[in-house]
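User: I have a model open and want to check some labels against their definitions. Please look at it with me.

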Amino acid sequence: MQAPPKHPTHKFILAALGLTAIAWLFSLIALALPAWSRVYGAQTLGPATSDDNGILYYGLWGNCLHTRDYLETFTCQLVDLGGRPAFGNKDCKGDLIVSRVFMCLGFSCVSLLLIVLVLLKKKIWDLKKAKQLALISTGLANICWVFLLIAWIFWIILAETSCAGRLPLQGYSHSFILCVFATALALIVTILTCLLLMKLKKFQQPKVTISSVYTAPPVYEMHYPPSVPVADYPMSYASYAPATPAVAYYPGSGAYPGSGAAPAPQLW
C-alpha cells in the first residue's frame, strides 16, 4: 500500500513541535522547582554562616534547604516577600513579582503555542487555515521567548542586588538554567515558524482534474469450435421422361394387340 504524500513543510512542523514540547517541559520545571539560585553554607532557613554545610535553594514560590548529612533531607517553605530572597526590600520584592508573573505568562504562552502547532499539523493540507495557524504560531513564539526572557532577566537583577544589605544571591541553579534553555528553544521555534509561513505562501494547492476521455468498454474474444469443411461436389442435372403406365392384357377381355378394341387398362 502506497504511503500518503508528505507536505513540503512537514519537516518544519515536526521540528517546531518537538522543540516546543521540550520548551514546555523546561518552563514547567523552572516554574515549579524552587532552584533558581543556591547558596552554600546554610544549616537552617534562617541566616547562613560559613561553618554550615547545607545548600539553600531559592525559587519563585518557595525555598528549600538541602542538609548534606547522612539523611540528605530537604526542608521547604513558601516564599515570604518579607523574608528570603527579597528580605522586605521594595525593589527586590518588585523584581521577584515581575519574574513570577512573566514566568507564568511564558509557560501559558508555550502551552498555547503547542496546541496551535498540533492543529497546524492536522490542517496542513487546507492552505487557507494552514496560513492562518502558521501566522498565529509565529506571533505566539515571539511572545513566548520575550516573556521567558523577561522572567530570568529580572531574576538576575534580584540575584545581583544586595537586598537589605545582604550579600547577593547569585549561584544560578537548575530552574534558572532551564528557563534560559526554554527561551532559546522558543526563539528557534520562532525562526522555524517564520520559514514555515514563507513556504506556505509559495505553496500552490494541487488541483484535481477530472478527465473526459471516453473509455471503450472491454471487448471479450469469443472462441468457437472449429468448423468442419464441406466437400464441394459437382451438381449434374438429368432430364427424365414421364413414365408410361404398364398395361396388362388378360384373355377374354376382348382386348388384345391389334384388335382395335380399347382394352381395359390395369395399372400395376
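**Labels and their cut-offs**

Analyst: Leu56 stands opposite Leu65 in strand 3. Strands here are DSSP E runs of at least two residues, and helices are H or I runs of at least four, both numbered from the N terminus. This is a predicted model, where local features need pLDDT of at least 70, side-chain atom pairs count only at pLDDT 80 or more, and totals for chains, interfaces and linings use all residues. Residues are numbered from 1 along each chain as its sequence is written, and side-chain values use heavy atoms, without hydrogens and water.

User: How do you know that strand 2 and strand 3 pair?

Analyst: Pairing requires that DSSP finds at least two bridges between the strands. Strand 2 (residues 54-58) and strand 3 have four, in the antiparallel sense. Tyr57, for instance, has Cys64 as its bridge partner in strand 3. Three residues lie between the two strands, which form a hairpin.

User: What joins strand 3 to strand 4?

Analyst: Six bridges, with strand 4 (residues 73-78) running antiparallel to strand 3.

User: Why is strand 2 called largely enclosed?

Analyst: Buried means under 20% relative accessible area; exposed means over 50%, and partly exposed lies in between (1.4 Å probe, protein chains only). Five of the five residues of strand 2 are buried, so the rest of the structure largely encloses strand 2. Gly54, Leu56 and Tyr58 cover one side, Ile55 and Tyr57 the other, and all are buried.

User: What makes strand 3 mostly covered?

Analyst: Six of its six residues (62-67) are buried. In a regular strand, side chains alternate between the two faces of the sheet. Here Gly62, Cys64 and His66 point one way, and Asn63, Leu65 and Thr67 the other.

User: Why is Leu25 called partly exposed?

Analyst: Leu25 has a relative accessible area of 42%, so the label is partly exposed. Leu25 sits in helix 1 (residues 10-32). With Leu28, Ile29 and Leu33, Leu25 forms a nonpolar surface patch of about 290 Å² accessible area together. Patch members have over 30% relative accessible area and no salt bridge; nonpolar side chains (Val, Leu, Ile, Met, Phe, Trp, Tyr) are joined within 5 Å, like charges within 9 Å. Areas come from the Shrake-Rupley method with a 1.4 Å probe; for residues, only the protein chains shown count as cover.

User: How do you know that Asp95 has no salt bridge?

Analyst: A salt bridge puts a side-chain nitrogen of Lys or Arg within 4 Å of a carboxyl oxygen of Asp or Glu. For buried Asp95, the nearest side chain of opposite charge, Lys90, is 12 Å away. Asp95 belongs to helix 2 (residues 90-122).

Note on methods. Lys and Arg count as positive and Asp and Glu as negative; His and the chain ends are not counted.
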